[in-house]
Amino acid sequence: MSDPRLRDGLMALLLLESLISVPFWHAPALVHWGGQGVAQALFSSTIGAVAQTAAPLPSTPWGFAGAVLAVALLLAPIVGLLGPQLGTLVSVLSTIVLSTVFYSSLYFSFVDCFLTGSPDKLELK
């Protein structure tokens with residue numbers, strides 16, 4: 001980690017991943033529930049994800065990073081006791097659970113950004 005090229009490369013990778021992933025956050029839901037075309041859904045997803053959630057957007061990755069760190073710290077002794085094979089299984093299962101939590105949270109941000117009305121009668125804005 002002492003080589004600055006490695007640090008710069010990792011930062012560039014994170015920036016590019018962020019720029020590429022933003023349009024795809026809500027696009028599938030906009031195509032499915034909103035009836036939008038693919039290009040329109042990618043554009044709407046970008047505008048909705050960035051413009052309407054500008055305040056909490058920077059804190060979201062920090063929250064999930066904290067959750068991942070907390071799970072890793074809680075599971076580290078268990079993984080150490082179970083050995084490498086069962087420890088790998090526990091690590092993979094925890095990764096699946098955390099991924100499910102992340103993708104489930106996208107639904108609620110989709111509802112807050114793009115839908116209006118009571119929970120039983122939601123409509124696109």
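**Pockets, core and salt bridges in a predicted model**

The largest share of the lining of the second largest pocket, seven residues, comes from helix 5, where a helix is a DSSP run of H or I with at least four residues, numbered from the N terminus. Before I go on, please keep in mind that this is a predicted model, in which local features need pLDDT of at least 70 and side-chain atom pairs count only at pLDDT 80 or more, while totals for chains, interfaces and linings use all residues. Residues are numbered from 1 along each chain as its sequence is written, and side-chain values use heavy atoms, with hydrogens and water left out.

Let me stay with that pocket for a moment. A pocket here is found on a 1 Å grid over the protein atoms alone, as an open set of points where a 1.4 Å probe fits, with protein on both sides within 12 Å along at least five of seven lines, and its lining residues have an atom within 4 Å of a point. The second largest pocket holds about 240 Å³ of space, a volume being the space filled by probe spheres set on the points. Of the 13 residues that line the second largest pocket, Val 68, Ser 94, Thr 95, Leu 98 and Ser 99 are the closest to its centre. Helix 4 and helix 5 each supply at least two residues of this lining, and by class the lining has nine nonpolar, four polar and no charged residues. In this count Ala, Val, Leu, Ile, Met, Phe, Trp, Tyr, Cys and Pro are nonpolar, Asp, Glu, Lys and Arg are charged, and the others, Gly among them, are polar.

Turning to the largest pocket, we find a volume of about 920 Å³, and of the 25 residues that line the largest pocket, Trp 25, Leu 57, Thr 60, Pro 61 and Phe 102 are the closest to its centre. Which helix gives the most to the lining of the largest pocket? That is helix 1, with seven residues, and the lining as a whole has 17 nonpolar, seven polar and one charged residues.

Next comes the core. A nonpolar core is a set of buried Ala, Val, Leu, Ile, Met, Phe, Trp, Tyr and Cys residues joined through side-chain atoms within 4.5 Å, and buried means under 20% relative accessible area, exposed over 50%, and partly exposed in between, with a 1.4 Å probe and protein chains only. The largest nonpolar core has nine residues, among them Ala 27, Leu 30, Phe 110 and Phe 114. Helix 2 (27–32) and helix 5 (84–114) are the elements that give two or more residues to this core, and helix 5 gives the most, with four.

His 26 lies in the loop between helix 1 (4–21) and helix 2. Is His 26 buried or exposed? His 26 counts as buried because its relative accessibility is 3%. Leaving aside its neighbours within four places in sequence, His 26 is in contact, meaning heavy atoms within 4.5 Å, with residues including Ser 45, Leu 106, Phe 110 and Phe 114.

Finally, there are two salt bridges, each being a side-chain nitrogen of Lys or Arg within 4 Å of a carboxyl oxygen of Asp or Glu. In one, Arg 5 pairs with Asp 3, with the closest N and O atoms 3.1 Å apart; Arg 5 counts as exposed because its relative accessibility is 66%, whereas Asp 3, at 31%, counts as partly exposed.
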